[in-house]
Amino acid sequence: MLESKRIEMLDFPICQHGEGPIWHSARQSAFWVDILSDQIIEYSWANKTISQYAAPKMVSAIFEIADDLSNLIITYQGGVGIYDLQTQQVELLDDLGIEWLETRCNDAAIDPDGNLWFSTTHIDHQEAAGALYRYDSYGKLDKVLSDVSISNGPCWSPDGKFLFHTDSGYRRINSYEFQGTHLEALPFQIEVSEGIGFPDGMCMDADGVLWVAIWSGFRIVGIDTNKLTDKISSHQEAIGNSSWLVHDVLDLPIPQVSSCCFVGPDLDHLLVTSSRKDLSQEDLEKYPDSGKVFIIKMNSTGLALAPYKKKFKL
């Protein structure tokens with residue numbers, strides 16, 4: 001439980017819709033985005049200082065590029081691009097050939113081979129209006145899943161053989177055997193009960209525990225993907241129906257927990273983003289820390305993620 005862990009809250013900045021946290025190994029910084037404020041935020045681990053960067057419209061995900069300190073690969077309402085931290089400008093790589101008026105990008109991740117996986121969603125999250133894509137290190141784009149509502153993740157198992165992907169609209173996390181762009185659906189899944197919330201962003205630790213942000217649920221839930229279970233415990237009830245054993249529950253003082261990522265030089269801290277989106281004034285008075293970032297000292301270490309391994313020239 002959270003009481004046994006050390007938690008730090010960053011009072012600044014307060015995001016309208018914090019999302020997409022990552023650890024940038026080369027810069028020794030944590031990054032995240034504020035989708036509704038069009039901002040990229042960097043937190044220097046050593047100096048504990050915040051830097052803010054103007055970003056393209058509805059930036060949703062950012063990632064380290066191998067051997068490149070100054071640029072990030074990003075997704076935003078418009079496609080995939082390269083973002084220059086010094087000039088705060090973006091160069092479009094691929095617009096996906098779609099109309100962006102009512103569409104934006106959502107969550108994303110880098111796979112073990114250094115390829116970018118990212119998703120699209122309707123502005124109002126209409127059912128089955130989005131998709132999951134893979135943008136490989138050579139700049140080739142493939143659509144992997146269609147008819148997705150609100151895609152989050154994906155995450156890979158520590159051995160790289162399995163992929164976990166959330167469709168938040170259906171309150172479900174699905175599992176797949178992973179081979180390049182081919183996903184073979186497995187019968188094991190997690191379904192978050194209606195009264196608990198929605199599974200949102202997630203990350204994997206080195207032991208195979210999947211840490212899932214529960215939107216509208218005031219919590220992060222750790223699910224041990226090594227241990228199938230048909231038992232109901234107090235931890236199991238914290239998420240609903242799960243094929244795997246619920247390992248831990250981290251309760252937070254905010255309803256809209258949006259995503260999480262292991263950060264720090266030893267990847268032993270969990271950075272959690274949150275949102276103020278659609279909260280009433282009464283809600284904000286009741287939960288004034290909504291939109292802030294929380295950093296939790298963990299008993300486990302995160303799975304080290306590869307940077308995007310860009311193999312083409314602009």
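**View 1. Serine 29 and its contacts.** Apart from neighbours within four places in sequence, serine 29 is in contact with Ile22, Trp23, His24, Glu42, Tyr43, Ser44 and Trp45 (contact means heavy atoms within 4.5 Å). This is a predicted model, in which local features need pLDDT of at least 70 and side-chain atom pairs count only at pLDDT 80 or more, while totals for chains, interfaces and linings use all residues. Residues are numbered from 1 along each chain as its sequence is written, and side-chain values use heavy atoms, with hydrogens and water left out. Serine 29 has its place in strand β3 (residues 29–34); strands (E, at least two residues) are DSSP runs, numbered from the N terminus. Serine 29 counts as buried because its relative accessibility is 2% (buried means under 20% relative accessible area, with a 1.4 Å probe and protein chains only).

**View 2. Polar contacts of serine 29.** The side chains of serine 29 and glutamate 42 are joined by a polar contact of 2.8 Å. Such a contact is a pair of N or O atoms within 3.5 Å; within protein, one must be able to donate a hydrogen and the other to accept it, and residues adjacent in sequence count only if both atoms are side-chain atoms. The C-alpha atoms of these two residues, serine 29 and glutamate 42, are separated by 6.4 Å, and the residues are 13 apart along the chain. The serine 29 side chain also reaches the backbone oxygen of arginine 27, at 3.2 Å.

**View 3. Two aromatic pairs.** Searching the whole structure gives 11 aromatic pairs; rings of Phe, Tyr and Trp (its six-membered ring) pair if their centres lie within 6.5 Å, and planes over 60 degrees apart count as edge-to-face. One of them joins tryptophan 23 and tryptophan 45 edge-to-face, at 5.8 Å centre to centre and 85° between the planes. Tryptophan 23 is in strand β2 (residues 18–24) and tryptophan 45 in the loop between β4 (39–44) and β5 (50–54), 22 residues apart. Both of these tryptophans are buried. Another edge-to-face pair is tryptophan 156 with phenylalanine 178: 5.7 Å centre to centre, 70° between the planes. Tryptophan 156 lies in strand β14 (residues 151–156) and phenylalanine 178 in strand β16 (residues 172–179), so this pair ties together parts 22 residues apart in sequence. Tryptophan 156 and phenylalanine 178 are buried too.

**View 4. A ring cluster.** Here you can look for Trp23, Tyr43 and Trp45, which ring pairs link into a cluster.

Key. Phe/Tyr/Trp six-rings, centres within 6.5 Å; stacked < 30°, edge-to-face > 60°. Helix = DSSP H or I, 4+ residues; strand = E, 2+ residues; numbered from the N terminus. Buried < 20%, exposed > 50% of the residue type's maximum accessible area, 1.4 Å probe, protein only.
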